Amino acid sequence: EDAAVRGVGEGVVQPGGVPSVWLSPEAQRAGVQAISLSRAGAELELLGAAVPASHGVFEALNMAAWSAGLLIRVPARTTLRGPLHVAIPANGSANVPRLLVVVGEGAEVELVEEHLGGRPDSLVLGVSEVFVEDNAQLRHVLIQGWNAGVRGHLTQRTVLGRGARSL
């Protein structure tokens, strides 16, 4: 498929599994990273900074038991022409996904976070923490398209640097 149609990146966060990620050559050359949160380096110190376990019972459960996670890092002064799309299917009976996004200083990116699927007995406790550094811009769309009977609680928080914008 054409990258202009498909966007610049896609990731699938499977419960209990390693995320499946595709990044366009453009995004790869720009240094965009999309890796399993379990393999993240220094960014791990950001976990809980925007959504601490003390925020509530669902957030505490997520912090203690997240089983699938994805780190997306967009380098400073990078402008992506298409969206990064992250699909998070509710495949199991208990789904505890965590998404950590860091948009570097002066970068511009669009992120589509899609929670979908599931069985009638599926429970989802998802957390997304987003950090938009100084003068960066993020357009973040969250889509919840669960099947009938799926129960869930999604928490998303964004921390903005000086002059940063998030829509």
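Which residues have the most contacts inside the largest nonpolar core? They are Ile72, Leu84, Val86, Val103 and Leu111, in a core of 24 residues. A nonpolar core here is a set of buried Ala, Val, Leu, Ile, Met, Phe, Trp, Tyr and Cys residues joined through side-chain atoms within 4.5 Å. Buried means under 20% relative accessible area, exposed over 50%, and partly exposed in between (1.4 Å probe, protein chains only). Strands E4, E5, E7 (97-103), E8 (108-117) and E9 each supply at least two residues of this core. A second, separate core has 10 residues, including Leu37, Leu47, Val51 and Val127.

This is a predicted model: local features need pLDDT of at least 70, side-chain atom pairs count only at pLDDT 80 or more, and totals for chains, interfaces and linings use all residues. Residues are numbered from 1 along each chain as its sequence is written, and side-chain values use heavy atoms, with hydrogens and water left out. The pLDDT is the predictor's confidence in each residue, from 0 to 100. The chain averages 86, and 89% of the residues score at least 70. Over residues 1-7 the pLDDT is below 50; beyond near neighbours in sequence, this stretch has eight contacts in the model. Where pLDDT is low, the predicted coordinates should not be read in detail.

Now the chain as a whole. It has three helices and 12 strands. Helices (H or I, at least four residues) and strands (E, at least two) are DSSP runs, numbered from the N terminus. Of the 167 residues, 43% count as buried. Take the contacts (heavy atoms within 4.5 Å). Among those with a separation of 6 or more, 84% join residues 24 or more positions apart.

Val103 gives a local view. Leaving aside neighbours within four places in sequence, Val103 is in contact with residues including Arg73, Val74, Val109, Phe131 and Leu138.

Most residues other than glycine have a negative phi. Arg77 has a positive phi of about 55°. Arg77 sits in the loop between E4 (68-74) and E5 (79-89), and is exposed at 63% relative accessibility. Asn135 also has a positive phi, near 60°. Asn135 lies in the loop between E9 (123-132) and E10 (137-146). Its relative accessible area is 47%, so Asn135 is partly exposed.

Last, helix H3 (residues 57-65). Val57 is found in this helix. With a relative accessible area of 57%, Val57 is exposed.
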